[in-house]
Amino acid sequence: MKENRAYFWWTLSIFLAFLLPLALQKGMFLDGITYASISKNLSNGLGSAFQPHYTDVIANEFYGHLSLSFVIQSYFFKIFGDSFLTEKIYALILAIVNVFFIIKIWTLIEDKKWAWLPILLWITVRCVHWSFQNNMLENSISLFSLAAVFFILKSFKLNNNIQAI
């Protein structure tokens, strides 16, 4: 790990360079604003997990997407308040947890000293950092997908079936 420490710090700086500048600016893509509004409404008691509320005029009952992301983000609004930074904090934490699962998956099948490589390849894809900058649902989907892959691989490894992959 010591010989690759410079690569780790380089990858971390690229990760932060892609996510932090726009994370501190106001404004997002329309979908991200919609998801933040639904989550904020949920945290304020408007709607429920099974009947999300967007606005009184447009999509009073919002059934366009599954609501687990809205429920999780609503807790961030309860904790951090109604600031525009709340959804940015939520997205940054999701990005960090995604990185955690990428590292865990990599260390299950490869040497830990190269764990910086999949993170670098992942964060430099334009739609990945754009998604985290704009509070998209793909952030939560990628988190749960990575967690599922990790636990499947962990199960295979515990049962000595890793060669089947």
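Helices here are DSSP runs of H or I with at least four residues, numbered from the N terminus. By that assignment, Y75 belongs to helix α3. The model is a predicted one.

**Overall layout**

The protein contains 7 helices and 2 strands, arranged along the sequence as α-α-β-β-α-α-α-α-α. Its C-alpha trace spans about 55 × 40 × 25 Å along the principal axes. Of the 165 residues, 39% are buried. The accessible surface is about 9,800 Å², and carbon and sulfur atoms account for 67% of that area. When contacts between residues at least 6 apart in sequence are considered, 66% of them join residues at least 24 apart.

**Helix α3 and its surroundings**

Helix α3 covers residues 68-80. Its 13 residues reach 19 Å from the first C-alpha to the last, close to the 18 Å expected at 1.5 Å a residue. The buried residues of α3 are S69, F70, V71, Q73, S74, F76 and F77. Their cover includes α2, β2 (51-52), α4 (85-109) and α7 (138-158). Just after the helix, G81 has a positive phi of about 85 degrees.

Y75 has a relative accessibility of 48% and is therefore classed as partly exposed, since that class lies between the 20% and 50% cut-offs. Together with I79 and F80, Y75 makes up a nonpolar surface patch with about 350 Å² of accessible area. An α-helix has 3.6 residues a turn, so residues three or four places apart point the same way.

**Nonpolar cores**

| Core | Size | Residues, among them |
|---|---|---|
| Largest | 24 residues | F15, L19, F101, W122, I123, F132 |

Helices α1 (5-23), α4, α5 (116-123), α6 (126-133) and α7 each supply at least two of its residues. The largest share, 8 residues, comes from α4. Leaving out residues up to four places away in sequence, F132 touches L19, A91, L94, A95, N98, W122, N139 and S142.

**A buried asparagine**

Which helix holds N41? N41 is found in α2, residues 30-43. N41 has a relative accessible area of 13% and so is buried, the cut-off being under 20%. Beyond its neighbours within four places in sequence, N41 is in contact with L46, H53 and Y54.

Notes:
Residues are numbered from 1 along each chain as its sequence is written. This is a predicted model: local features need pLDDT of at least 70, side-chain atom pairs count only at pLDDT 80 or more; totals for chains, interfaces and linings use all residues. Side-chain values use heavy atoms; hydrogens and water are left out. Buried means under 20% relative accessible area, exposed over 50%, partly exposed in between (1.4 Å probe, protein chains only). Contact means heavy atoms within 4.5 Å. The expected span of a helix is 1.5 Å times one less than its number of residues. Patches are made of residues with over 30% relative accessible area and no salt bridge: like charges are joined within 9 Å, nonpolar side chains (Val, Leu, Ile, Met, Phe, Trp, Tyr) within 5 Å. Accessible areas come from the Shrake-Rupley method with a 1.4 Å probe; for residues, only the protein chains shown count as cover. A salt bridge is a side-chain nitrogen of Lys or Arg within 4 Å of a carboxyl oxygen of Asp or Glu. A nonpolar core is a set of buried Ala, Val, Leu, Ile, Met, Phe, Trp, Tyr and Cys residues joined through side-chain atoms within 4.5 Å.
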